[in-house]
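Please examine the sequence and the three-dimensional structure shown here before reading on. The paragraphs that follow lead through the structure one region at a time.

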Amino acid sequence: MKKISYSSTNTIIGIIVAVFSFVIFTFTVEPTASYWDCAEYISTSAKLQVGHPPGAPLFQMLGAIFSTFAFESDEIALAVNMMSVTSSALTILFLFWSISYLIKEQCELYEDHISINEAFKIFGSSILGCLTFTFTDSFWFNAVEAEVYAMATLILSLLFWLGLKWVANLDSNRGDKWLILICFVIGLSFGVHFMALLAIPAIGLLY
């Protein structure tokens with residue numbers, strides 16, 4: 001039976017699903033500001049001002065970078081909203097990689113080359129899970145407006161994926177590099193939203 005490479009196929013399909021999500025969110029992104037904290041985040045990001053406590057300095061610094069892509073002043077809101085679009089698409093990418101890894105481990109497939117039937121199970125389930133999450137109400141709303149929750153969800157999914165990588169490389173000589181990176185990302189999460197800390201119990205459970 002013909003076999004394919006899990007790692008390369010996993011990377012390619014994950015990127016395709018993330019690009020699809022990015023396109024969907026781009027077509028539905030807020031052109032201006034929603035009537036709550038979004039207007040504040042847009043203005044404080046564009047001008048690097050102080051927002052409401054406890055603050056989101058990393059979010060606002062990255063928002064300032066995105067605001068520079070606005071050609072006109074009335075496009076600043078759209079530019080900062082696109083940061084949430086990008087964050088949400090990357091969330092789908094790491095979610096896909098996490099689901100595919102967990103399914104592969106559950107099926108006890110330890111070799112890189114897998115059969116077409118096994119690939120259909122792994123990647124089909126991963127695509128279904130990712131697209132289901134893409135079109136959920138709360139995630140979609142956060143993905144198209146300038147709020148911290150899209151980037152916080154990105155950090156949450158990134159931390160869980162890094163936890164999977166760390167556990168998979170526990171016995172390797174340089175396996176602790178993943179733990180150091182996890183600690184670094186946790187530190188960055190304080191500059192966005194404390195929600196990302198919810199990944200810590202999950203990483204402990206993986207360990």
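The largest pocket of this predicted model is lined by Tyr6, Ser7, Asn10, Thr11, Trp97, Tyr101, Trp161, Leu164, Lys165, Ala168 and Asn169. The space within the largest pocket amounts to about 230 Å³. Three helices, α1, α4 and α7, each contribute at least two residues to the lining. Sorted by class, the lining consists of six nonpolar residues, four polar residues and one charged residue.

In soluble globular proteins, nonpolar side chains tend to be buried together. The largest nonpolar core of this model comprises 49 residues, and within it Phe123 and Leu159 touch the most other members. Two or more residues of this core come from each of the helices α1 (6–27), α2 (37–47), α4 (76–106), α5 (116–134), α6 (137–143), α7 (148–168), α8 (176–189) and α9 (199–206). The greatest contribution is that of α4, which provides 11 residues. The surroundings of Phe123 can be followed in the structure: apart from its neighbours within four places in sequence, Phe123 is in contact with Tyr6, Thr9, Asn10, Ile13, Phe96, Ser100 and Ile114. Of these contacts of Phe123, Tyr6 and Asn10 are also among the residues that line the largest pocket.

The next stop is Ser5, which belongs to strand β1 (residues 3–5). Is Ser5 buried or exposed? Ser5 counts as buried because its relative accessibility is 19%, where the limit for a buried residue is under 20%. The side chain of Ser5 takes part in a polar contact of 3.3 Å with the side chain of Ser7, and Ser7 is one of the residues lining the largest pocket. The side chain of Ser5 also makes a polar contact with that of Ser8, at 3.2 Å. When neighbours within four places in sequence are set aside, Ser5 is in contact with Asp112 and His113.

An α-helix has 3.6 residues a turn, so residues three or four places apart point the same way.

Beyond the end of α2, the backbone deserves attention. Most residues other than glycine have a negative phi, and most peptide bonds are trans. Leu48, which follows α2, is not a glycine, yet its phi is positive, at about 50°. This residue, Leu48, is situated in the loop between α2 and α3. Leu48 counts as exposed because its relative accessible area is 56%, the limit for an exposed residue being over 50%. The loop between α2 and α3 also contains Pro54. The peptide bond that leads from Pro53 to Pro54 is cis, with an omega near 0°.

Ala64 counts as buried because its relative accessibility is 15%.

How values were computed:
Residues numbered from 1 in each chain as written. Predicted model: local features only at pLDDT ≥ 70, side-chain atom pairs only at ≥ 80, totals over all residues. Heavy atoms only, no water. Core = buried A, V, L, I, M, F, W, Y, C linked by side-chain atoms within 4.5 Å. Buried < 20%, exposed > 50% of the residue type's maximum accessible area, 1.4 Å probe, protein only. Helix = DSSP H or I, 4+ residues; strand = E, 2+ residues; numbered from the N terminus. Contact = heavy atoms within 4.5 Å. 1 Å grid on protein atoms, 1.4 Å probe; cavity = no way out; pocket = protein on both sides within 12 Å on 5 of 7 lines; lining within 4 Å. Points joined across faces, edges and corners; volume = space filled by probe spheres on them. Nonpolar A, V, L, I, M, F, W, Y, C, P; charged D, E, K, R; others polar. Polar contact = N/O pair within 3.5 Å; in protein donor to acceptor, adjacent residues only side chain to side chain.
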